[in-house]
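Let's take a walk through this protein chain together, one neighbourhood at a time. Keep the viewer open and turn the model as you read.

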Amino acid sequence: MKDIRIITGKNVSPSKETVTALLTRQNADLKTAGISDIYERLLPKLNMRLLPKAAYCICSKKSILSSGRSKDDGLLLCAMLTVGSSVSRLIDRYAADNDLLTASVLNAMADSSLFAFEEQLHTAILQICRENGCGISCRLELPADLPLETQTAVYNAVDAGRTLGLSITNGRMLKPEKSMSLIFVLTKDMTQKNLAHDCRLCPDHNCPLRKNSGIMLTAELEKDASKTTIPCRKGSNLLETLRQHSISPSAECGGAGVCGKCGVRITNGFLPVTPEDAAFFSKKELEDGMRLACKAVLQEDLSVSVAKTEPSGFFALGNCDTDNPKRAASFPCQTDDCGIAIDIGTTTLAFSLLDYKSGSVIASHTAVNPQRTFGADVISRIQAANSGKSGLLEKCIKTGIFKGIRSLCSQHPKKRIRHIAIAANTVMLHLLRGYSCEGFCHYPFSPKSLSFEELPFEKVFAEPFPAALQPDVTLLPGISAFIGADITAGLYACGIPEENETALFLDLGTNGEMALKTKNGIFAASAAAGPAFEGGNIKWGTGSVEGAISHVEIHGEVLELQTIGQKPPAGICGTGVIETAAGLFLSGIIGASGNLAAPWIENGYPLAQTENGAWITFTQKDIREIQMAKAAIRAGIELLFLHSGITSENVSRVFLAGGFGYFLNPKKAAAIGILPPELALKTTAAGNSSLAGALLYLARRNKSPLQFLAEHTEEILLAKEEIFQDLYIKYMSFGE
């Protein structure tokens, strides 16, 4: 049954300015003062008779645009609005008494009331769009934008005779006259909310209500000659506008104005300095036009220079020892048959091309996850998706995956891609599939899917594979909302289902997942560690880019640093952050409580100077970020021990997964309390175990081990454990 919804207006009132504009357009000689007097006299009478009511529903394009204009079966939202018949009868009464001026003023007041009621309707329309996971690409008004014959289809769609008491004439006019029909074209992009009439697109340039609120934004990518000119509305947020046009400055905090990473430089035009700008940029940088895009509100034509989204020299962990499944495919294949394994990490994307005949990886590709501009951690992405940006998140991850696939195919153009296996955390898979993320917000957390999904390529990506042969796509299964397929795949790659020894698995990325295999079963947990381990929320934090400080040794007053690529210092990556904290603690510069010694507590401990002379410092706030991250991880580990009935001494082996874990010095991690000290010598870097698990699945095509892990791993919800808070507070201290 069609979901037709009805809404009645509340406190709808005409705008005197709108009424005056409508009347003076018709007769330029009318005196504004006279109109105002009549308006005030009629307003109580109008308010007594106004009965604003609307009906709206979602329909297919084909059912409404029967004239052959629609070749697809997309969706529309049809709406009819009326202010009731009583107003029309009063207008007719004044006209019959030959009081044409009063009738004209009342007519304009009724029109203005209808416009005001439409604005109230917008809230209800946005609600039904959120429920159906769609946005609004444009607003169409009848008969201005569509043939009048469409009015009958809209009338029937909302059952206007029953729901609104309207009738329609043979000439397709609505009765009462103070009624209108609207059509909103729906899109999968929930960020689009084009509900209002757009004066910039309207051909009536003499309209008295025309609002010249359109401005132009020109964005130029640094180190790239390309420019993009974007028409946008006055009052638009700069970061949101850039995102909508696939220009994505880094915004690790998701646009909250606290990470300082979305800086752009104004090359023409003006943006006022916000308090957030002043907090992150020096006086000279502000004078040079530096601003945070997330806090910039467009008020006039503007040109900005934007840093490239994907920094040069970015390191993401792809190939590693576990990449090679060490076993040829056990199913029939042809010489050129291959499979692609993909790991969608919160920070990075990794791809491997598996040759089925040899069982070897023959090509790899890594990249930054383009969704990073919506926030560095999983929670930020969930918030962005639930605030209407789901479509943008889906679009940019699919674009990133397509680039990776094309890179692999270009390296081996004669290979035939038969299968694609994707491992990722549960949120990343939901964003890829366009699923709602509302289920991640409240207990009990209820993701839409945790199961194996095997689908045609076009079903996942909504466009064909860039080759004649269309591969199938397998999404690996997850354990829970926050322990996803990346962990299932990682456990599989490390041989957890087959091992008899007691083993601890840790994936310390933007979200800290852990699993403990014992004779009593497999126990897993997810700790909200935040992005500190990957440079997020750290003043000089950065990804694994050339110039990032990656290793630090502090011996008294002697400081030894190593940067990625041996380039001049440009920031601090995750391992550099941990080693700096460990070095400062072991040297006594940081106390057990995490407080920096007096000389550095205000401005931070200086590590190195950048090429332009700025000091890279490690601040008190950075230390607090590390304390919170490591406390969450360590408390989670201790709770796994409690639930399994063992202690850290019983653990035979620790697998440290992920890019951060691959380069992490276990002794330094233990020095600040991320790991129990006795586990430092039992730790093995597992590399990109998520990618390795996807590769192993491609090689063996055996669902059983992954399904076993997904179904038989017991999740420990840390937030529901009373002792977690006590453990968290305990392990905030260094040395614990």
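This is a predicted model: local features need pLDDT of at least 70, side-chain atom pairs count only at pLDDT 80 or more; totals for chains, interfaces and linings use all residues.

Which residue lies over the face of Phe 452? Lys 703 does, at 5.4 Å from the ring centre. A charge is taken to sit over a ring if NZ of Lys or CZ of Arg is within 6 Å of the ring centre and within 35 degrees of the ring normal.

Residues are numbered from 1 along each chain as its sequence is written, and side-chain values use heavy atoms, with hydrogens and water left out.

Now for the overall picture. The protein chain holds 21 helices and 29 strands; helices (H or I, at least four residues) and strands (E, at least two) are DSSP runs, numbered from the N terminus. Of its 736 residues, 54% are buried, where buried means under 20% relative accessible area, exposed over 50%, and partly exposed in between (1.4 Å probe, protein chains only). Contact means heavy atoms within 4.5 Å. Among contacts between residues at least 6 apart in sequence, 71% join residues at least 24 apart.

Let's visit the aromatic rings next. Rings of Phe, Tyr and Trp (its six-membered ring) pair if their centres lie within 6.5 Å; planes under 30 degrees apart count as stacked, over 60 as edge-to-face and the rest as tilted. By this rule there are 10 aromatic pairs. In one of them, Phe 402 and Phe 461 have ring centres 5.6 Å apart and planes at 90 degrees, so the pair is edge-to-face. Phe 402 belongs to helix H11 (residues 378-411) and Phe 461 to helix H13 (residues 457-461), so this pair ties together parts that are 59 residues apart in sequence. Phe 461 also pairs with Phe 457: their ring centres are 4.6 Å apart and their planes at 25 degrees, so this pair is stacked. The two are 4 residues apart in H13, which means that about one helical turn separates them. Relative accessibility is 5% for Phe 402, 3% for Phe 461 and 1% for Phe 457, so each counts as buried. Ring pairs link Phe 402, Phe 457, Phe 461 and Phe 465 into a cluster.

From here, turn to strand S14 (residues 348-355), where 8 of 8 residues are buried. Thr 348, Ala 350, Ser 352 and Leu 354 point one way from S14, Leu 349, Phe 351, Leu 353 and Asp 355 point the other way, and all are buried. Two strands pair if DSSP finds at least two bridges between them. Strand S13 (residues 337-344) runs antiparallel to S14 and is joined to it by 7 bridges, with Ala 341 opposite Ser 352. A hairpin through 3 residues connects S13 to S14. S14 also pairs with strand S15 (residues 360-368), in the antiparallel sense over 8 bridges, and here Leu 354 has Val 361 as its bridge partner. The hairpin between S14 and S15 has 4 residues between the strands, and Gly 359 in the turn has a positive phi of about 70 degrees.

Our last stop is an open sheet of 3 strands in the order S23-S22-S24, with mixed pairing. Its edge strands, S23 (558-563) and S24 (571-572), each pair on one side only. Strand S22 (residues 548-555) and S24 run parallel and are joined by 2 bridges; Ala 548 stands opposite Gly 571 in S24. Because 12 of its 13 residues are buried, H15 is largely enclosed by the rest of the structure. Among these buried residues are Val 577, Ile 578, Glu 579 and Phe 585. After H15 comes Gly 588, whose phi is positive, near 80 degrees.
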